[in-house]
Amino acid sequence: MPDIIQLLPDSVANQIAAGEVIQRPASVIKELVENAVDAGAKTINVLVVDAGRTSIQVIDDGCGMSETDARLAFERHATSKIRHADDLFSLHTMGFRGEALPSIAAVAQVELRTRRPDDEVGTCLTLSASRVESQEPCSCAVGSSITVSNLFFNVPARRKFLKTNATEMNNILVAFERIVLVYPAIAFTLHSNGQELMTLRSGSLLQRITDVYGRRYGQDLLPVKVTTPLCTISGYVAKPEAARKKGAHECFFVNGRYMRHPYFHKAVQQAYERLVIAGARVPYFIYFDVDPADIDVNIHPTKTEIKFENEQAIWQLLAAAIKDAIGQFCEIPQIDFDTEGRPEMPVYHPEGPGDSVGSLGSIGSLGTVGGRPQYNPFHRKPSQDWQQLYEGLPASAPAEEASLFAEPAGMAAPADVAAPAATVQAAAISDVAPLHYQYKGQYLMTAVKSGLMIIDQHRADVRILYERYMHQLTEAPAQSQRVLFPEVVELSPSEAALMGDVLPALAAVGFELTALGPSSYVVSGVPAGIEGLRPAVLVRELLASQSGLSDSLYHDLALGLARQAAIPYGQQLSNEEMDTLVNDLFACKNVNYTPDGKPVLAILPQHDIEQLMG
């Protein structure tokens with residue numbers, strides 16, 4: 001019987017390895033720019049065409065390579081970064097595996113032009129699918145210029161699963177930003193299809209963050225600095241009022257290398273506990289300087305997962321350093337910093353139920369003005385199935401029952417219950433919908449035939465608004481409301497890259513945006529019904545929530561807009577408003593779950609209630 005085990009050809013082995021190292025055009029740029037950094041470059045220029053599908057070029061003024069080194073650089077596990085296994089624990093360079101260039105050459109067509117300072121002429125090397133096609137002397141500047149063309153041309157399946165140009169360009173920007181934030185002393189430029197996206201001069205770290213993300217970031221950052229024998233922690237964290245639900249830039253770097261670390265992320269979140277609302281994210285840029293012998297970066301080819309020997313001690317240092325930074329610059333504590341873009345909370349007026357919620361109409365989520373329902377063209381008549389839930393129940397609840405629900409601690413009674421007894425009695429005997437009860441400003445409770453139905457008010461409104469916005473995006477004409485004072489939205493390069501694809505959808509839902517430049521827009525109109533939200537903040541939040549996929553763009557936009565405009569937790573509702581919410585919910589196509597799969601309601605069966613009561 002013949003032998004069946006054989007060595008794979010180098011070209012096949014390189015393609016297999018490329019699947020881990022080179023996942024998309026952004027991976028190519030990451031590897032090539034890191035090589036340029038390791039070469040001692042002071043200026044690095046990146047040029048991409050068609051989001052890297054057609055070509056990627058990285059030009060640097062580093063040390064360059066000899067003719068022999070240029071050829072050897074494309075051999076697997078050929079590297080100048082390490083010599084022995086012990087060197088893995090004293091790394092001072094970005095790369096060390098010797099896999100990047102051969103992996104790139106295995107799935108693309110590559111041209112390398114390079115020259116050392118002492119050489120009179122350089123060398124030009126061309127490869128295609130791991131095969132060297134030519135190598136000859138050439139005239140070129142000191143440093144290296146490497147061009148990667150037709151990425152995945154020989155792996156059609158990988159090329160087919162690349163996302164849209166907007167998505168791939170956004171991934172390129174993210175990878176580019178993670179590198180430029182580590183090396184503020186190096187000048188970088190980024191061009192896409194001949195258009196300049198970023199020009200970053202050398203300077204301080206704060207200047208680099210401001211150049212990348214805009215002036216608003218520089219104004220909201222607090223410095224962090226702590227030095228111990230264990231490690232040095234430095235960088236910046238944002239003020240609590242800069243917290244946002246989506247799109248917060250959260251970056252950890254260790255010894256000049258970007259990393260993901262959920263455990264350290266919890267230390268940052270804990271420092272902001274009770275300073276920001278639940279679910280809000282605070283931007284931070286934290287840099288760790290640790291003895292290379294105390295960390296292990298050789299876990300995954302992407303090198304974003306790093307193990308620390310003294311993880312718990314560093315966690316405590318990080319939490320203490322951030323708390324100290326917040327304490328020094330935020331001397332006056334506040335209950336809730338994240339008020340930008342949020343609807344105005346209601347004020348209770350004891351005069352009567354009609355005046356109990358005076359500002360709910362500002363968010364438009366229930367289609368009310370001054371707490372009273374108004375005509376909504378998207379409102380549909382509730383299905384008959386919902387009416388059957390109340391079969392066998394009285395049309396209105398007696399006043400005695402209403403008073404029972406106002407007694408327990410923590411029960412947030414609606415304005416109808418809190419009103420004088422005469423008012424409650426009048427409501428009870430009038431021809432109105434059954435009373436609903438609000439619990440802790442979060443849940444609505446109402447009696448149904450099978451027991452007690454509990455509805456999450458925020459999730460219910462998300463489902464309602466999502467279906468309305470999807471209707472606007474796909475069927476109905478845009479309903480726009482002009483803003484009194486137009487706002488200017490300054491976008492980061494990654495946000496500006498997404499705006500091209502998202503702009504038609506934003507216009508379809510009712511936004512009126514006028515471009516002032518490649519990364520700034522004037523918002524002069526917003527969708528009708530959300531006039532209480534800040535337009536600039538809302539646009540940035542929507543961009544942060546986009547996946548960039550063409551088939552889910554409307555879904556993402558409608559869901560993001562619904563989350564922003566939905567009733568927040570803690571919003572007190574009158575019985576009339578709760579009834580409108582319940583009616584609108586049961587007019588939806590799906591009443592049980594939000595568009596992202598979270599349950600909207602639950603029913604506590606009558607039998608279970610009786611068992612609990614013995």
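Is Asp50 buried, partly exposed or exposed? Partly exposed, with a relative accessibility of 31%. Keep in mind that this is a predicted model.

Let me stay with Asp50 for a moment. Asp50 sits in the loop between strand 1, residues 43-49, and strand 2, residues 55-60. Its backbone deserves a look. The phi of Asp50 is positive, about 55°, and Asp50 is not a glycine. As background, most residues other than glycine have a negative phi.

Next, Asn150. Here too phi is positive, about 50°, and Asn150 is not a glycine either. Where does Asn150 lie? In the loop between strand 6, residues 143-149, and helix 5, residues 156-160. Asn150 has a relative accessible area of 30%.

Now the aromatics. How many aromatic pairs are there? The count is 12. Take Phe253 and Tyr287. Their rings are stacked, 4.7 Å centre to centre, with 15° between the planes. Stacked requires planes under 30 degrees apart, so the 15° angle qualifies. This pair links distant parts of the chain. Phe253 belongs to strand 11, residues 250-254, and Tyr287 to strand 13, residues 284-289. The two are 34 residues apart. What about accessibility? Phe253 is at 0% relative accessible area, so it is buried. Tyr287 has 13%, and so Tyr287 is buried as well.

There is also a cluster joined by ring pairs. Its members are Phe252, Tyr263, Phe264, Tyr284, Phe288, Phe308 and Trp315.

Last stop, helix 19. Is helix 19 largely enclosed or largely open? Largely enclosed by the rest of the structure, because 10 of its 11 residues are buried. Here is the list of buried residues: Asn575, Glu577, Met578, Asp579, Thr580, Leu581, Val582, Asn583, Asp584 and Leu585.

Pick out Asn583. Asn583 is part of helix 19, which runs over residues 575-585. Its relative accessibility is 14%, so Asn583 counts as buried. What does its side chain reach? The backbone oxygen of Asp579, at 2.7 Å. The cut-off for a polar contact is 3.5 Å, so that distance falls inside it. Asp579 is itself among the buried residues of helix 19. And a reminder on geometry. An α-helix has 3.6 residues a turn, so residues three or four places apart point the same way.

That is the tour. Questions, please.

Terms used
Residues are numbered from 1 along each chain as its sequence is written. This is a predicted model: local features need pLDDT of at least 70, side-chain atom pairs count only at pLDDT 80 or more; totals for chains, interfaces and linings use all residues. Side-chain values use heavy atoms; hydrogens and water are left out. Helices (H or I, at least four residues) and strands (E, at least two) are DSSP runs, numbered from the N terminus. Buried means under 20% relative accessible area, exposed over 50%, partly exposed in between (1.4 Å probe, protein chains only). A polar contact is a pair of N or O atoms within 3.5 Å; within protein, one must be able to donate a hydrogen and the other to accept it, and residues adjacent in sequence count only if both atoms are side-chain atoms. Rings of Phe, Tyr and Trp (its six-membered ring) pair if their centres lie within 6.5 Å; planes under 30 degrees apart count as stacked, over 60 as edge-to-face and the rest as tilted.
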